[in-house]
Amino acid sequence: MKSEFPKNFLWGAATASHQVEGGQKNNWSQWETSEERIKNLELRGEIKKHGLDNFISGRACDHYHQYKEDFRLAKELGHNATRISIEWSRIEPEEGKFNKKEIEHYRDVLKTLRQLKIEPFVTIYHWPIPLWLRDRGGLESKRFPEYFAQYAEKLAKEYKDLVKFWITINEPEVLTSSSYLQGVWPPQKKNIFLAIKVYKNLVRAHKLAYDKIKKIAPGSQAGIAKNNAYYQAANRNPINIILKRAADHYLNFWFLDQIKNHQDFIGLNHYFHNRINWGFNKNQGIKISDYGWSLSPQAIYHVLSDLKKYHKPIYITENGLADAKDKYRAWFIEETLKNVWLAIKDDADVRGYLHWSLMDNFEWSAGFWPRFGLIEIDYKTLKRTPHPSALVYKKIIESNSIYI
Ligand code: BGC
């Protein structure tokens with residue numbers, strides 16, 4: 001049966017500045033080349049396996065210079081929306097001093113999207129921070145929320161004529177836990193008290209930024225990109241049910257509850273189905289991506305249904321898989337979108353889908369080898385080649401419907 005998506009549904013893909021632009025000078029780029037990091041990679045045999053270049057973002061996809069070509073490709077692939085992020089360290093390379101040239105650069109980026117009739121979703125903060133901020137304590141600093149709000153205010157002032165959708169912060173839990181609990185991302189700390197402090201700072205940062213944005217551009221819409229997973233109790237066993245409820249409460253809903261009066265929409269990043277049976281991730285019989293993540297496209301139905309309680313429009317701001325050979329991507333997109341459609345039929349107010357990612361990119365501490373792109377990048381020549389799955393996605397976009 002041909003099942004239509006709502007009129008004016010937004011379709012596209014997402015990227016983040018550090019992962020695609022190249023030429024960064026922020027806490028991540030410094031960490032990538034630090035002696036300690038390289039020694040650690042060597043000890044773990046990672047350099048032998050992938051080569052050192054894999055772990056250094058360097059020129060990445062050179063999207064900083066090739067954005068026009070990249071957005072033209074997105075347009076050719078049928079997209080009418082694109083999620084990008086703005087790099088804080090470019091806009092504010094020194095505390096309180098904003099760089100005119102870089103502000104102009106992103107103005108061009110946004111203007112290019114508008115000219116192509118592609119709706120931009122702009123992430124203000126997708127993880128790296130400027131060096132001056134790192135030196136003042138970064139996310140742990142008591143002043144972090146104010147620093148962040150000041151930067152967000154500047155962006156709102158500069159781009160209020162071009163941006164309708166603002167995403168203040170990307171995935172607060174992933175950032176906090178990778179950087180301050182597991183200690184695998186800069187500043188590589190493992191301290192629960194610091195993690196809680198950072199997490200609360202992110203709540204405050206969002207709220208302050210939200211107020212600034214709405215004051216400057218009352219007609220714009222602001223929210224966060226929240227990483228929600230489907231936690232499923234494998235059976236009625238009370239332990240499994242308690243674990244599910246705890247995971248839902250702390251990992252899916254806590255941040256959203258804190259900011260519920262400070263968001264106009266929910267941006268959903270969704271990747272994981274986590275079946276619980278006396279422990280987490282007891283998934284069964286599921287396909288696996290190159291990155292080792294289980295592929296469970298029906299999970300999004302449950303995640304979307306759980307978000308209905310917030311009574312806000314939902315935009316799927318990330319969803320995808322690492323699949324270098326493009327073996328599962330078309331299947332994954334189709335199956336995911338069937339489940340999105342079913343959730344909409346059951347009253348979830350979903351208004352857009354942005355696949356992760358528009359192109360292959362620098363996958364944080366794993367480096368370049370996991371390939372999430374609808375468009376393949378040859379990192380030697382920087383040639384862009386859309387995968388067949390991108391054309392399958394294009395057909396869905398053009399018909400604004402899916403067969404169920
Ligand atoms: C992040 C992206 C990342 C993707 C795949 C999300 O957690 O926002 O930056 O590349 O997942 O790991």
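I take helices (H or I, at least four residues) and strands (E, at least two) as DSSP runs, numbered from the N terminus. Residues are numbered from 1 along each chain as its sequence is written, and side-chain values use heavy atoms, with hydrogens and water left out. The model is predicted, so I note that local features need pLDDT of at least 70 and side-chain atom pairs count only at pLDDT 80 or more, while totals for chains, interfaces and linings use all residues.

I count two strands as paired if DSSP finds at least two bridges between them. The strands form a closed barrel of eight, in the order β2-β3-β4-β5-β6-β8-β12-β13, with parallel pairing. Neighbouring strands of this sheet are turned by 25° against each other on average, direction ignored. Axes here are lines fitted to C-alpha atoms, for helices over the stretch in contact, and angles run from 0 to 180 degrees between N-to-C directions.

I then checked one pair. Strands β8 (residues 266–269) and β12 (residues 314–318) run parallel and are joined by four bridges. Glycine 267 has tyrosine 315 of β12 as its bridge partner.

I also looked at a helix on the sheet. Helix α9 (residues 144–159) lies across β4 (119–125) and β5 (165–170), at about 155° to β4. Contact means heavy atoms within 4.5 Å.

**Ligand**

Which residues come nearest to the ligand? They are Gln19, Asn170, Glu171, Glu318 and Glu363, out of 13 around it. A residue is near if one of its heavy atoms lies within 4 Å.

I listed polar contacts next (pairs of N or O atoms within 3.5 Å). A ligand oxygen is 2.8 Å from a side-chain N or O atom of glutamine 19. For tryptophan 364 the distance from a ligand oxygen to a side-chain N or O atom is 2.9 Å. For tryptophan 356 it is 3.3 Å. The ligand taken alone exposes 310 Å², and the protein buries 95% of that. Those areas come from the Shrake-Rupley method with a 1.4 Å probe.

**Aromatic pairs**

I searched the whole structure and found 43 aromatic pairs. Rings of Phe, Tyr and Trp (its six-membered ring) pair if their centres lie within 6.5 Å; planes under 30 degrees apart count as stacked, over 60 as edge-to-face and the rest as tilted. Phenylalanine 253 and tyrosine 310 have ring centres 6.4 Å apart and planes at 55°, so I log the pair as tilted. Phenylalanine 253 is in helix α12 (residues 238–258) and tyrosine 310 in the loop between α13 (299–307) and β12, so the pair ties together parts 57 residues apart in sequence.

**Backbone**

Most residues other than glycine have a negative phi, and most peptide bonds are trans. I found a cis bond from proline 186 to proline 187, with omega near 5°. Proline 187 sits in the loop between α10 (172–180) and α11 (192–216).

Note on methods. Polar contact = N/O pair within 3.5 Å; in protein donor to acceptor, adjacent residues only side chain to side chain.
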